[in-house]
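Here are a few friendly notes to read beside the model.

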Amino acid sequence: MNFSLREYRVKATAVACWYLPLLVIAVSCAHQSPGLSPRVPAGHLRQEIVADLDGDGRTETVALAPEQPLSVSVWRSGRMLWQGVPAEWKPWKVLAGDLDGDGLSEIVVAVYKPTRLFPEPHNCVFVYGWDGSTAYPKWLGSHLSKPCVDVALWRREGRCSLVSVEIARSGKSVVGVYEWCGFGFVGYWQSGEMEQGALDTAADGRVVYAERSGKRYTLKEADGSYRLALQTS
């Protein structure tokens, strides 16, 4: 497969949903070694997202306040509707978007904590459903396919994909695209190894990967293929 400096391309490959737990556990265990699991990112700060979570024309605010005993809350018209996610889970990012295309948004919370399968603290992606008045745990995943250091939602065609930055064995980064499969995520695509960096989301919903060197790549899809295209302007 040919990877160039200007873009990383690979055919999207669907993985059967029931195989995902086996794949994730096998790859993740291979990556577990002292000092490799990423620490909670430096951007461990307050965040707010304004969105119409249930499509009823009213906006809600999803707030992350890491210093509060329950760090994530949902507000509407100045009234708190729900509060959850203990501060000891060290939540460091919150996102909101429709993962399954049912018209209701999910709340995605990135946390840094141990789990039953992986007892050492590590970055996890937790998904909460929203029923119009309260949130509820929908998927509290132990791991993605590799140690994760950043996540974003890619909005397209009425639903969202999860985009991640993960650390390869070499210490370099790879960008992954995941789709919701009813309970957990299916890994559809992974880039070649790149310099370490972070994700950014443009106003039009595009996801951008920014390397520490300053290079920026836009995630694109065409005819079943994904690629990271280098921005030139």
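1. Ground rules. This is a predicted model, in which local features need pLDDT of at least 70, side-chain atom pairs count only at pLDDT 80 or more, and totals for chains, interfaces and linings use all residues. Residues are numbered from 1 along each chain as its sequence is written, and side-chain values use heavy atoms, with hydrogens and water left out.

2. Ser77. Although not a glycine, Ser77 has a positive phi of about 55°. You will find Ser77 in the loop between strand S4 (70-76) and strand S5 (79-86); strands here are DSSP runs of E with at least two residues, numbered from the N terminus. Ser77 counts as exposed because its relative accessibility is 78%. For the wording: buried means under 20% relative accessible area, exposed over 50%, and partly exposed in between, with a 1.4 Å probe and protein chains only.

3. Glu157. Here is another non-glycine with a positive phi, of about 50° for Glu157. Glu157 sits in the loop between strand S10 (148-156) and strand S11 (159-167). With 78% relative accessibility, Glu157 counts as exposed.

4. Trp82 and Tyr128. How many aromatic pairs does a search of the whole structure find? The search finds seven. In one of them, the ring centres of Trp82 and Tyr128 are 5.7 Å apart and the planes are at 50°, so the pair is tilted. The pair links distant parts of the chain, with Trp82 in strand S5 and Tyr128 in strand S8 (residues 122-130), 46 residues apart. Both Trp82 and Tyr128 are buried. The criteria: rings of Phe, Tyr and Trp (its six-membered ring) pair if their centres lie within 6.5 Å; planes under 30 degrees apart count as stacked, over 60 as edge-to-face and the rest as tilted.

5. Trp139 and Phe185. These rings have centres 5.3 Å apart and planes at 80°, so the pair is edge-to-face. Trp139 belongs to strand S9 (residues 135-140) and Phe185 to strand S13 (residues 185-190), so the pair ties together parts 46 residues apart in sequence. Trp139 counts as buried at 12% relative accessibility, and Phe185 is buried with a relative accessible area of 2%. Ring pairs also bring in Trp180, linking Trp139, Trp180 and Phe185 into a cluster.

6. Charges over rings. The charged end of Arg156 sits over the ring of Trp154, 4.1 Å from its centre. Likewise, the charged end of Lys113 sits over the Trp89 ring, 5.2 Å from its centre. The test asks for NZ of Lys or CZ of Arg within 6 Å of the ring centre and within 35 degrees of the ring normal.

Definitions and conventions. Helices (H or I, at least four residues) and strands (E, at least two) are DSSP runs, numbered from the N terminus.
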